[in-house]
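Have the model open while you read.

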Amino acid sequence: MPCSPEPTPTSVGRMKENLRIGRIAGIPVGINWSVLVILALVTQGLAVGVFPHEAKGYSPAEYWTVSAVIAALFFLSLAAHETAHALVARRYGVRIERITLWMLGGVTLLEGEPPTPRADLRVAGAGPATSAGTGLGFLVLASVTSALSGPSLLFAGFAWLGGINLLLAVFNLIPAAPLDGGRVLRAILWHRGRSRSEAAVAAARSGRVVGAGMLGLGLAELLLLNSAGGLWFMLLGWFVLASAGQEEQSTMLKDRLGDLRVRDVMTPDPVCGPAYLTVETFSERIALTHHHTAYPVVGFDGHVSGLVTLRQLGAVPVATRASVRVSDVATSLDLLTKADPDERVFDVLSRPQSLFGQGRVLVFEGEKLVGIVSSSDIARILQQATLRPTTAVLPQARDAAQPSSLAR
């Protein structure tokens, strides 16, 4: 399953978490709503299509009960796959943000990058190795069940889990980002002398080719064989193709932005206003006397409590502007993106809410507001980024890259 090495503006690593289910080894684990859909489909497929043919003679209730348990064990094995990525990454000093399970498996979101090709290889390989080990373990359980003349339904369940985990291990080793095999390819290319960015772009481009191929094969299966399995193959192909394209763009953007810091793009000392003023008074004293489209607002204690835009102020009916306070219409500070002036711009843009919260980033040193980054600033730096050389594709970057040993 994908292991996102660093938050990116468009990365699949930003898969939305709808429900937090707990922690594994201290790492937050959540699920996307799509997991429930796949759980239901897997349970239905096993109860109706697989087990009645593999283990005859059981009641519908027994088929459905065992199928539900097997489906749950399947997603636990996916969690084990992602946890393996996370634990190995943490061993190399990479902070783990979370693990999210979704309809196509799972995503481990790492805040940072493995420091060497060897570390990159181990982090990437940990997931497929765990899936392979899990698959072999279930096949052993199936063999023991058969040898002890255990229930054929239990044997069929263990055998299915063993087969599907081995299949996942093999599928994930396809050398195409964002699959684990793409990370392995990146580590190998990095080790062979390319820069990390070059290696990442090459792995992403391989992913685009593989994804397009899977889409084509799925479409052929659907049209020529009239098989619904082609739809699933097309879905996987679309996921690989789209994610690989996003990863390539993100890698190049990161390379262009480099170490550009928030303080280099922010507007310092933004104009603020009291949140307790009415919309009418705030407009007369501040909004109509300055040339900004958004203003941080402060409470009675002098601390910033949110942000109000001209659009929010203008949306208040004229008849009520003398009674409605700015605090009633402003966006709360909790919903805004906050940054430190020394943070990298790329890291701030990578946050899931960075382009929301009224399109502004408030910059703090401790509790003191020192600047603001507007949506126009974000657009400008992204446009400027396209003018900067991309080291991932420049020949001189390739020559300057220092080969790193996988033995480190």
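1. Start with the largest pocket, which comes out at about 720 Å³. Keep in mind that this is a predicted model. The lining runs to 27 residues, and those closest to the pocket centre are Phe74, Ile164, Leu168, Trp232 and Leu236.

2. Which elements give two or more residues to that lining? They are α1 (34-54), α2 (60-91), α4 (152-172) and α7 (229-257). If you want to colour the largest pocket by element, those helices are the ones to pick out.

3. How many cavities of 30 Å³ or more turn up in a search of the whole structure? The search gives two, and the largest cavity has a volume of about 60 Å³.

4. Around the largest cavity you'll find Val262, Val265, Val345, Val348, Leu349, Val361, Val373, Ile378 and Ile381. Two or more of the lining residues come from each of α11 (345-349) and α12 (375-385). The largest share belongs to α11, with three residues.

5. What about the classes in the lining of the largest cavity? The count is nine nonpolar, no polar and no charged.

Definitions and conventions: Residues are numbered from 1 along each chain as its sequence is written. This is a predicted model: local features need pLDDT of at least 70, side-chain atom pairs count only at pLDDT 80 or more; totals for chains, interfaces and linings use all residues. Side-chain values use heavy atoms; hydrogens and water are left out. On a 1 Å grid over the protein atoms alone, a cavity is a set of points where a 1.4 Å probe fits but cannot get out, and a pocket is an open set with protein on both sides within 12 Å along at least five of seven lines; lining residues have an atom within 4 Å of a point. Grid points are joined across faces, edges and corners, and a volume is the space filled by probe spheres set on the points. Helices (H or I, at least four residues) and strands (E, at least two) are DSSP runs, numbered from the N terminus. Ala, Val, Leu, Ile, Met, Phe, Trp, Tyr, Cys and Pro count as nonpolar, Asp, Glu, Lys and Arg as charged, and the others, Gly among them, as polar.
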